[in-house]
Amino acid sequence: MPVASIEDIRAAIGTEIGTSDWIEVPQQRITDFAEATEDRQFIHTDPELAAQTPFGGTIAHGFLSLSLLSRMGADVMLVPATTKMAVNYGLDKVRFLKPVAAGKKVRGRFVLSDMTEKAPGQLLMHYNVTVEVDGEDKPALIADWLGLIVT
């Protein structure tokens, strides 16, 4: 995570702070997620049957795409040098707009929408995140994501 002063982080509120690297979503990652979550619906795990659907092939679980926010955020989320830990605090809104086809790449575009002091030494960060799909006009999802930084 990029290190920044509290003043620089405050100054970034309302702006796009960065875009993560691309992350590949191959069939094996989708299959592994299906096993870990016990969500083995054929649109995720059976390329032959999934090819007969409007998707034209297997797609990533929406929750798989959402779970990659942690990896994406590590590329761009600003943290003070005094950070002891940063944890997921939750989501205020998530919308799945377009499925991610097996073999595609995704990345996150992050806007820091707010930062509040929840308690002394605890900063609640609010991010508007758009997960883009390589080569697609429509994003996979949008989310309002909250992270708690303990300094």
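This is a predicted model: local features need pLDDT of at least 70, side-chain atom pairs count only at pLDDT 80 or more; totals for chains, interfaces and linings use all residues.
Residues are numbered from 1 along each chain as its sequence is written. Local features need pLDDT of at least 70, side-chain atom pairs count only at pLDDT 80 or more, and totals for chains, interfaces and linings use all residues; side-chain values use heavy atoms, with hydrogens and water left out.

A pair of aromatic rings is described by the distance of the centres and the angle of the planes. Rings of Phe, Tyr and Trp (its six-membered ring) pair if their centres lie within 6.5 Å; planes under 30 degrees apart are stacked, over 60 edge-to-face, and the rest tilted. The whole structure holds three aromatic pairs. In one of them, the ring centres of Phe 110 and Tyr 127 are 6.1 Å apart and the planes stand at 80 degrees, so this pair is edge-to-face. Phe 110 belongs to strand 4 (residues 104–119) and Tyr 127 to strand 5, 17 residues apart. Strands (E, at least two residues) and helices (H or I, at least four) are DSSP runs, numbered from the N terminus.

Phe 110 also pairs with Trp 145, in a tilted arrangement with 6.4 Å between centres and 50 degrees between planes. Because Phe 110 is in strand 4 and Trp 145 in strand 6, this pair ties together parts 35 residues apart in sequence. Phe 110 is buried, at 0% relative accessible area, and Trp 145 counts as buried at 7% relative accessibility. Buried means under 20% relative accessible area, exposed over 50%, and partly exposed in between (1.4 Å probe, protein chains only).

Trp 145 leads on to the largest pocket, where Met 1, Met 77, Ala 86, Val 87 and Trp 145 are the closest to the centre of the 14 lining residues. A pocket is an open set of points on a 1 Å grid over the protein atoms alone, where a 1.4 Å probe fits, with protein on both sides within 12 Å along at least five of seven lines; lining residues have an atom within 4 Å of a point. Strand 6 gives the most to this lining, four residues.

In helix 6 (residues 69–76), Leu 69, Met 72, Gly 73 and Val 76 are buried. Seen down the helix axis, these buried residues fall within an arc of 100 degrees (taken from the directions from the axis to the C-beta atoms), so they line one face of helix 6.

His 61 sits in the loop between helix 4 (47–50) and helix 5 (62–67).
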